[in-house]
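Here is a short briefing for a first look at this model. Start with the structure, then work through the topics below it.

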Amino acid sequence: MSTPKIEISGLRKQFGELVVLRDINLTVEPGAVIALIGPSGSGKSTLLRCMNLLVLPEGGKVRIGEHAFSFGDGSKLPNVKEQARFRSNTGMVFQHFNLFPHMTVIQNVMEGPVSVKNMPKAQAEALARKLLDKVGLADKVDVFPNKLSGGQKQRVAIARALAMEPEVMLFDEATSALDPELVGEVLNVIRALAAEGMTMILVTHEIGFAREVADRVVFMRDGVIVEEGPAREVIGEPKQEATRAFLSHFHNRS
Ligand code: ADP
Ligand code: MG
């Protein structure tokens, strides 16, 4: 078996008195797609944010590719530069796109490579064009974000994350804020990334999509992984009562 791309062990996070992640253990093989599901407040976003060091955990270990950090009890917190390097290896796409409104689409995509990786502008522009073509926005390179639909903005956000050439992509409810008719175009981009072998964790309420695209489904509740397994099994025949109860809120599971 190959070395896992992502390894999380004993991960703990609390905000004040509120314990949000309790001893999370998760291993993701290279090229695997994981759907992370669970009720609101169960800690899904916090888990992704810990993997991107947007939130610093109190304990445990996170390894992505060759970059590893330990947290808590005597371990040294990564310095800002190490954090930035780690973060750029992990592309994150949020529910809200957070594009720079004063920059054109292509400038948005070039910004990270130029400012964080010191990539020459011409090279960053060529990379951005290639990625915008890939997400179906070759004709929008020079427009400003306020001229785009939500689905188009989210595709720019995906291209922007890919421009950092990350080893893994993390999606936090990337389609939740979209009008229903715009969800499909974003899911198509995610589907294409999966087919290319990108390692991804998708926090999603699109249960049908999770079943189709994800290799494994992880169900979280109250900061704990309650059930994990092949997508068809967890969604089709959940073993835990809590998973069954959660999935019963979704009509279309086939
Ligand atoms: P999910 O994404 O599954 O809905 P979250 O990870 O966003 O869950 O939140 C888990 C819990 O942590 C919630 O109770 C939430 O209110 C709390 N929480 C998240 N971020 C913070 C924060 N920065 N400060 C305090 N509490 C937080
Ligand atoms: Mg969330």
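## The largest pocket

Helix H2 (80-88), strand E6 (90-93), helix H3 (105-115) and helix H5 each give at least two residues to the lining of the largest pocket. Helices (H or I, at least four residues) and strands (E, at least two) are DSSP runs, numbered from the N terminus. This is a predicted model, in which local features need pLDDT of at least 70 and side-chain atom pairs count only at pLDDT 80 or more, while totals for chains, interfaces and linings use all residues. Residues are numbered from 1 along each chain as its sequence is written, chains are lettered from A and ligands numbered from 1 in the order in which they are written, and side-chain values use heavy atoms, with hydrogens and water left out.

**Pocket details**

- The largest pocket holds about 580 Å³ of space.
- A pocket is an open set of points on a 1 Å grid over the protein atoms alone, with protein on both sides within 12 Å along at least five of seven lines; lining residues have an atom within 4 Å of a point.
- Grid points are joined across faces, edges and corners, and a volume is the space filled by probe spheres set on the points.
- The lining of the largest pocket has 26 residues, and Arg87, Met92, Arg160, Ala161 and Met164 lie nearest the centre.
- H3 gives the most to this lining, with 6 residues.
- By class, the lining of the largest pocket has 13 nonpolar, 10 polar and 3 charged residues.
- Ala, Val, Leu, Ile, Met, Phe, Trp, Tyr, Cys and Pro count as nonpolar, Asp, Glu, Lys and Arg as charged, and the others, Gly among them, as polar.

**Ligand 1**

- Which residues are around ligand 1? They are Phe15, Leu18, Val20, Pro39, Ser40, Gly41, Ser42, Gly43, Lys44, Ser45 and Thr46.
- A residue counts as near a molecule if one of its heavy atoms lies within 4 Å of it.
- Strand E2 (18-28) and helix H1 (44-51) each supply at least two residues of this shell.
- H1 provides the largest share of the shell, 3 residues.
- The shell divides into 4 nonpolar, 6 polar and 1 charged residues.
- A polar backbone atom of glycine 41 is 2.7 Å from an oxygen atom of ligand 1.
- For lysine 44, a polar side-chain atom lies 2.8 Å from an oxygen atom of ligand 1.
- Serine 45 has a side-chain N or O atom 2.8 Å from an oxygen atom of ligand 1.
- On its own, ligand 1 has 560 Å² of accessible area, and the protein covers 57% of that.
- Accessible areas come from the Shrake-Rupley method with a 1.4 Å probe; for residues, only the protein chains shown count as cover.

**The cavity**

- Rolling a probe the size of a water molecule over the atoms shows where empty space is left.
- A cavity is a set of grid points where a 1.4 Å probe fits but cannot get out.
- How many cavities of 30 Å³ or more does a search of the whole structure find? The search finds 1.
- The largest cavity has a volume of about 70 Å³.
- Its lining consists of Phe171, Glu173, Ala174, Thr175, Leu187, Ile190, Leu202, Val203, Thr204, Glu206 and Phe209.
- Helix H6 (180-196) and strand E8 (199-203) are the elements that give two or more residues to this lining.
- By class, the lining of the largest cavity has 7 nonpolar, 2 polar and 2 charged residues.

- Threonine 204 sits in the loop between E8 and helix H7 (207-213).
- Threonine 204 counts as buried because its relative accessibility is 8%, and buried means under 20% relative accessible area, exposed over 50%, partly exposed in between (1.4 Å probe, protein chains only).
- The side chain of threonine 204 reaches the backbone nitrogen of glutamate 206 at 2.8 Å.
- A polar contact is a pair of N or O atoms within 3.5 Å; within protein, one must be able to donate a hydrogen and the other to accept it, and residues adjacent in sequence count only if both atoms are side-chain atoms.
- Glutamate 173 is in the loop between strand E7 (168-172) and H6.
- Glutamate 173 is buried, at 16% relative accessibility.
- Phi of glutamate 173 is positive, near 50°, in a residue other than glycine.

**Other positions**

- Aspartate 23 lies in strand E2 and has a positive phi of about 55° although it is not a glycine.
- Lysine 147 is in the loop between helix H4 (121-134) and helix H5 (150-162), and is exposed, with a relative accessible area of 64%.
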